[in-house]
Amino acid sequence: MLLKDIDTGKSCIVEHIDLPFQMERRLEALGMTKESVISVLNRKGKGIMIIKLRGTRFALGYHMTKNITVREMRETT
């Protein structure tokens, strides 16, 4: 599943980032590594979203969210 497909209020886990080398390294430097948890705070149109990653809010555009593969977190009760 792609990050752009996650609904507001849901959390997911990063599986793979398929972006140009420098952009991918920049996201990794900000904490978006494999198995990191992302919470979708807000969506603004097609694939544009505000996420929470390791306690910090980030805005990501469609070009980024369509190239980040994630899996939804299972809810535990």
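**Strands, turns and exposure**

Me: How many residues stand between S3 and S4 in their hairpin, and what is the phi of Arg 54?
Reply: Two residues stand between S3 and S4 in the hairpin. Arg 54 is in the turn, with a positive phi of about 50°. This is a predicted model, where local features need pLDDT of at least 70, side-chain atom pairs count only at pLDDT 80 or more, and totals for chains, interfaces and linings use all residues. Residues are numbered from 1 along each chain as its sequence is written, and side-chain values use heavy atoms, with hydrogens and water left out.

Me: Why is Arg 54 called exposed?
Reply: Its relative accessibility is 56%. Exposed means over 50%, buried under 20%, and partly exposed in between (1.4 Å probe, protein chains only). Therefore Arg 54 counts as exposed.

Me: Why are Glu 35 and Ile 48 called partly exposed?
Reply: Glu 35 is at 42% relative accessibility, so it falls in the middle class. Ile 48 has a relative accessible area of 40%, so it is partly exposed.

Me: Is strand S3 enclosed or open, and how do you know?
Reply: S3 covers residues 49-53, and four of its five residues are buried, so the strand is largely enclosed by the rest of the structure.

Me: How do you know that S3 pairs with S4?
Reply: Two strands pair if DSSP finds at least two bridges between them. S3 and S4 (residues 56-60) are joined by five, and run antiparallel. Therefore they pass the test. Lys 52 has Arg 57 as its bridge partner in S4. Leu 53 stands opposite Thr 56 in S4.

Me: What makes S2 and S3 a pair?
Reply: S2 (residues 37-43) and S3 have five bridges, in the antiparallel sense. Ser 39 has Lys 52 as its bridge partner in S3. S2 and S3 also form a hairpin, with five residues between them. Gly 45 sits in that turn, with a positive phi of about 80°.

Me: What is the order of the strands in the open sheet?
Reply: The order is S4-S3-S2-S1-S5, with antiparallel pairing of the five strands. S4 and S5 (68-72) each have a single partner strand, so one side of each is left without a neighbour in the sheet.

Me: Which residues does Ile 48 touch?
Reply: Ile 48 is in the loop between S2 and S3. Contact means heavy atoms within 4.5 Å. Leaving out residues up to four places away in sequence, Ile 48 touches Asn 42, Arg 43, Leu 60, Gly 61 and Tyr 62.

Me: What makes Lys 46 a charge over the ring of Tyr 62?
Reply: Lys 46 lies over the face of Tyr 62, at 4.9 Å from the ring centre. The rule asks for NZ of Lys or CZ of Arg within 6 Å of the ring centre and within 35 degrees of the ring normal.
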